[in-house]
Amino acid sequence: MAHRLQDRQHRLPVAQATVLTLPPASQAKDVRPSWSALESLLCGAFAGAIAKTVIAPLDRTKIIFQVSSKRFSAKEAFRVIYSTYIEGGLFSLWRGNSATMVRVMPYAAIQFCSHEQYKRLLGSSYGFQGKALPPFPRFLAGSLAGTTAAMLTYPLDMVRARMAVTAREMYSNIMHVFVRISQEEGVRTLYRGFTPTILGVIPYAGITFFTYETLKKLHSEKTKRSQPYPYERLAFGACAGLIGQSASYPLDVVRRRMQTAGVIGSSYSTILGTMREIVTHEGVIRGLYKGLSMNWVKGPVAVGISFTTFDITHNLLLKLHQMGNFIH
């Protein structure tokens with residue numbers, strides 16, 4: 001009897017020690033979602049910055065054609081790039097890229113992060129938690145992510161468009177654009193073109209994320225590999241960008257015309273009015289789809305790099321996090 005009592009007394013501290021280690025483990029579980037969101041923000045910002053810097057000269061050239069009545073061709077596009085280089089040097093091809101970075105890093109961060117959150121929310125709502133979403137929720141998650149990012153970063157897009165089509169003497173830096181537009185044209189001008197942007201983002205982001213996620217799902221089912229190789233991700237992203245941008249391109253042209261109306265001497269104030277004026281003077285294909293062929297080059301490249309960079313860096317951070325948990 002005395003032996004049993006002593007044995008029970010020896011066991012009691014062990015049981016207490018086990019109980020005391022439980023709270024930190026549960027706290028670590030609670031912290032994980034916030035770390036996941038932070039990782040998505042960081043990876044998204046990095047992915048957007050890399051992709052946009054690579055295609056910045058083509059993007060700037062496309063905007064110049066979108067906001068003018070000049071007819072687009074590959075020869076004319078090359079001439080614009082070459083004359084820009086001769087007049088302002090190599091770095092002039094990246095004019096406005098600082099504004100692009102200021103816009104695209106928060107935009108991409110918010111878009112990728114919110115996409116992960118929307119996928120999680122819709123997954124739990126539709127009963128697909130941790131699995132690939134059905135087609136409509138997959139499209140909806142992309143549309144909501146793009147809309148969220150566009151709403152929160154729109155004035156920066158306006159600033160980027162103004163800097164792309166004006167000489168350095170007119171706007172010296174990003175803050176100068178904000179101040180001068182606010183003083184001369186009013187604060188509301190910073191949101192000119194907002195409606196066509198949102199109308200364009202809904203199909204663009206929805207189709208782009210839907211296509212990329214669908215291709216990854218089909219690839220996984222066919223190859224039985226959970227993760228595609230980097231070059232496969234690049235191809236999936238390129239396809240997604242090609243389809244998404246082609247579907248929403250006319251609204252992108254309308255948006256740029258409305259954003260730059262104050263500096264090109266036009267009065268584009270409504271979506272339908274802008275479309276009517278473009279079609280009347282330039283035609284449907286040469287007006288509303290001006291620069292689309294250049295977009296078929298730069299768009300898939302940018303989206304492919306962006307999705308690939310995000311997935312690779314996100315998976316890398318996830319592995320590092322798991323290794324940290326294993327070590328601790």
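**Note on the pocket, cavity and core of a predicted model**

1. Three helices, α3 (56-66), α4 (74-88) and α6 (135-165), each contribute at least two residues to the lining of the second largest pocket. Helices here are DSSP runs (H or I, at least four residues), numbered from the N terminus. A pocket is an open set of points on a 1 Å grid over the protein atoms alone, where a 1.4 Å probe fits, with protein on both sides within 12 Å along at least five of seven lines; lining residues have an atom within 4 Å of a point.

2. The model is predicted: local features need pLDDT of at least 70 and side-chain atom pairs count only at pLDDT 80 or more, while totals for chains, interfaces and linings use all residues. Residues are numbered from 1 along each chain as its sequence is written, and side-chain values use heavy atoms, with hydrogens and water left out.

3. The second largest pocket holds about 310 Å³ of space, a volume being the space filled by probe spheres set on grid points joined across faces, edges and corners. Its lining has 16 residues, and Arg 60, Thr 84, Glu 87, Ser 92 and Ala 167 lie nearest the centre. Helix α4 gives the largest share, 5 residues. By type, the lining comprises 5 nonpolar, 5 polar and 6 charged residues; Ala, Val, Leu, Ile, Met, Phe, Trp, Tyr, Cys and Pro count as nonpolar, Asp, Glu, Lys and Arg as charged, and the others, Gly among them, as polar.

4. The count of cavities of 30 Å³ or more is 1; a cavity is a set of points where the probe fits but cannot get out. The largest cavity has a volume of about 740 Å³. Among its 40 lining residues, Lys 52, Arg 103, Tyr 107, Tyr 204 and Gln 245 lie nearest the centre. Helix α8 supplies the largest share of this lining, 8 residues. The lining divides into 18 nonpolar, 12 polar and 10 charged residues.

5. Is Cys 43 buried or exposed? Cys 43 counts as buried because its relative accessibility is 2%, where buried means under 20% relative accessible area, exposed over 50% and partly exposed in between (1.4 Å probe, protein chains only).
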